[in-house]
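This report describes selected strands, helices and contacts of the structure shown below.

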Amino acid sequence: MAEYEMTIGIECHVQLATKTKLFSPADNDARDAKPNSKTHPIDFGLPGMLPILNKEAVNLAVRAGKAMNAKIANLSRFDRKHYFYPDLPNGYQITQMYQPTILAGEIDVPTEDGTTVKVRIHHAHIEADAGKLTHYGDYSLVDLNRAGTPLIEIVSEPDMHSPTEAKAYTTELYRLMTFAGITHGDLYHGNMRFDVNLSVAPKGSKELGTRTETKNLNSFRSVEKAAEYEFKRQVALLEKGERIVQETRGWDDAKGKTTSQRSKEDAQDYRYMPDPDIPPIVLSDKQIQEIQSNLPKLPPEYRAEWGDLGVDKSVINSILANQKYAELVSAVLSSGGKKAAKRVANWISSNLTIDEATDEKKNADVADLLALCEMTEKAEITSNAASELFNELMNGATDPRRLAEDRNLLQVSDEGEIAAIVDEVLADSASQKAIDDIKAGNDKAIGFLVGQIMKKSQGKANPGMAQKLIRERL
Amino acid sequence: MANVSRDDVVKLAALSNLQLVDDEVDGLTKDIVNILQYVEQLGELDTEGVEPTYQVVDLENIMREDEVITSEVTTSDLLALAPDQAENQIKVPKVL
């Protein structure tokens, strides 16, 4: 294993968040819809239909290009890719083989160990999705609700060399595409699907090995697992002196294995030709700029903005799994400053479940969060109480001071009130040993006295102030 | 000079989802060779500096707004065009 190196390139299909399909005006949201209920004669490929390009799909593609730091073509065209399969009524897919809309780009991918890997984007093209097949005993059923859904296929260069890098790349791509509003990003419903191209070669070798393509992975974790499995499988074959067959493989998530599906067609087998129905897309630099203006803040910008908050990189990356939370930290930063933003970032990271799969809708009012930060800062509440109140605010509660009062969480910081308790505790004979210890130089014994004060005040005394008052008296 | 073998025609037929009997393969091989030879005459022209013709109409940016339009043709109308259907879907011989 150690003598081999893997090279990974990834193709990613992203379903665009348009209302209608790429070439037909049928509803593009088919989640939980009855089969074939979201179709138009164009999607059935009936003779004489005239497909017309969806402007919003082009706009989203152009915006996606910006998220990938890619150049946009001033002239792009559509081509027909021919193959026969029941989920493709036309007998061809409309795609962009020769002149795609999105040209070369580049993404900085943060990995788990804190380093950054540059992954170059070869190009990304706009194309129409196929329908869905369900297989039964001796027949298959065709649902064309998904047929014609606009996609962009993002093709990376082979710049990844480990399963973790592949996982990190797909995660970052997901965040870029969802933050920029290109896709709804519902992985369960296949809004983003990944094909992993992987080859293996002896370490230091200048030539790449024969690659396989594992298709249709729909989670970051399955991308990672499939890459791990393919690497081991290919190395085992090479060790036995066998050859790798260039082929398409499928991924069985339950078994954790890839299996051969079909040998890969040559590009010429698809008999590409320009699509005569769809006139070219022509965009001036000015138009491109307009379409790309006011893109929401993307993960790299958040990382730059939060760079000097003094928050751990892992905390930042966990928050970036949820755009709402990222926006919240940013809003706290701009109205409350770095210290408050740091507190909120850490609260989010340690109190909330954040991952791409859960679509958490929790949110809180920025002013309330700032009030909570201030109460914590002034030690009016303990850090446990702060966490408790933070969760309440995120669940829809408001006015943290009132909440703290209602729940009796406010610490007593009134010097006179605490001083009375301090005097009471110091006068107690049970405290004598600790007092002697402190006087003898064992400073740790002060903890016992503070503990007693906290107990007497039912946890509400400000421990810092209690300590100060004890020292003044001894 | 176009060189088309029987195997080329068989492969092309498979890609095009056509089932051919042997006689048809022989006939089509001859036909395709003839067609290619005819078209290859274009190769004699000097096309230096000539833009490729992707489309015969000079249209560009023909796009529509992203608004749902429900077709007057219903799902059941569309499904009725298929040779067979079941559960609101088109029924086809099993493919894998």
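Axes here are lines fitted to C-alpha atoms, for helices over the stretch in contact, and angles run from 0 to 180 degrees between N-to-C directions. The structure is a predicted model, in which local features need pLDDT of at least 70, side-chain atom pairs count only at pLDDT 80 or more, and totals for chains, interfaces and linings use all residues. Residues are numbered from 1 along each chain as its sequence is written, and chains are lettered from A and ligands numbered from 1 in the order in which they are written. Helices (H or I, at least four residues) and strands (E, at least two) are DSSP runs, numbered from the N terminus.

**Helix pairs in chain A**

| Helix pair | Angle | Axis distance |
|---|---|---|
| H14(A) (residues 446-456) and H15(A) (residues 463-473) | about 120° | 10 Å apart |
| H2(A) (residues 163-179) and H3(A) (residues 220-239) | roughly 155° | within 8 Å |

Angles under 35 degrees count as roughly parallel, over 145 as roughly antiparallel, 65 to 115 as roughly perpendicular and the rest as oblique. H14(A) and H15(A) are therefore oblique to each other. The crossing of H14(A) over H15(A) is right-handed; a crossing is left-handed if the near helix is turned anticlockwise from the far one by less than a right angle, and right-handed if clockwise. In this pair, A:Ile446, A:Leu449, A:Val450, A:Ile453 and A:Met454 of H14(A) make the contact with A:Pro463, A:Ala466, A:Gln467 and A:Ile470 of H15(A). Two residues are in contact if their C-beta atoms, placed from the backbone, lie within 7 Å. By class, the contact of H14(A) with H15(A) has eight nonpolar residues, one polar residue and no charged residues. Ala, Val, Leu, Ile, Met, Phe, Trp, Tyr, Cys and Pro count as nonpolar, Asp, Glu, Lys and Arg as charged, and the others, Gly among them, as polar.

H2(A) and H3(A) are roughly antiparallel to each other, and H2(A) also passes H3(A) in a right-handed crossing. H2(A) contributes A:Pro163, A:Thr164, A:Ala166, A:Lys167, A:Thr170 and A:Thr171 to the contact, while H3(A) contributes A:Phe220, A:Val223, A:Glu224, A:Ala227 and A:Glu228. The classes in the contact of H2(A) with H3(A) are five nonpolar, three polar and three charged residues.

**Strand S10 and its partners**

Strand S10 (residues 150-156) of chain A has five of its seven residues buried, so it is largely enclosed by the rest of the structure. A residue is buried if 20 or more other C-beta atoms lie within 10 Å of its own, exposed if 12 or fewer, and partly exposed in between, with C-beta atoms placed from the backbone. Strand S1 (residues 4-15) of chain A runs antiparallel to S10(A) and is joined to it by five bridges. One bridge pairs A:Glu11 with A:Val155 in S10(A). Strand S7 (residues 116-128) of chain A is also antiparallel to S10(A), with seven bridges between them; here A:Ala124 stands opposite A:Ile154. Two strands pair if DSSP finds at least two bridges between them.

**A sheet across the two chains**

Four bridges link S9 (residues 139-143) of chain A and S3 (residues 89-93) of chain B in the antiparallel sense. Within this pair, A:Leu141 stands opposite B:Lys91, and A:Ser140 has B:Val92 as its bridge partner.

In all, 38 residues of chain A are in contact with 31 residues of chain B. On the side of chain A that touches chain B, strand S2 (53-54), helix H1 (55-67), S8, S9 and strand S16 (281-282) of chain A each supply at least two residues. S9(A) gives the largest share, five residues. That side of chain A has 20 nonpolar, nine polar and nine charged residues.

S4 (residues 79-82) is joined to S15(A) by two bridges, and A:Asp79 has A:Pro274 in S15(A) as its bridge partner.

A:Asp436 lies in helix H13 (residues 432-439) of chain A and is exposed, with 11 other C-beta atoms within 10 Å. A:Glu213, in strand S12 (residues 212-217) of chain A, counts as partly exposed with 19 C-beta neighbours inside 10 Å.
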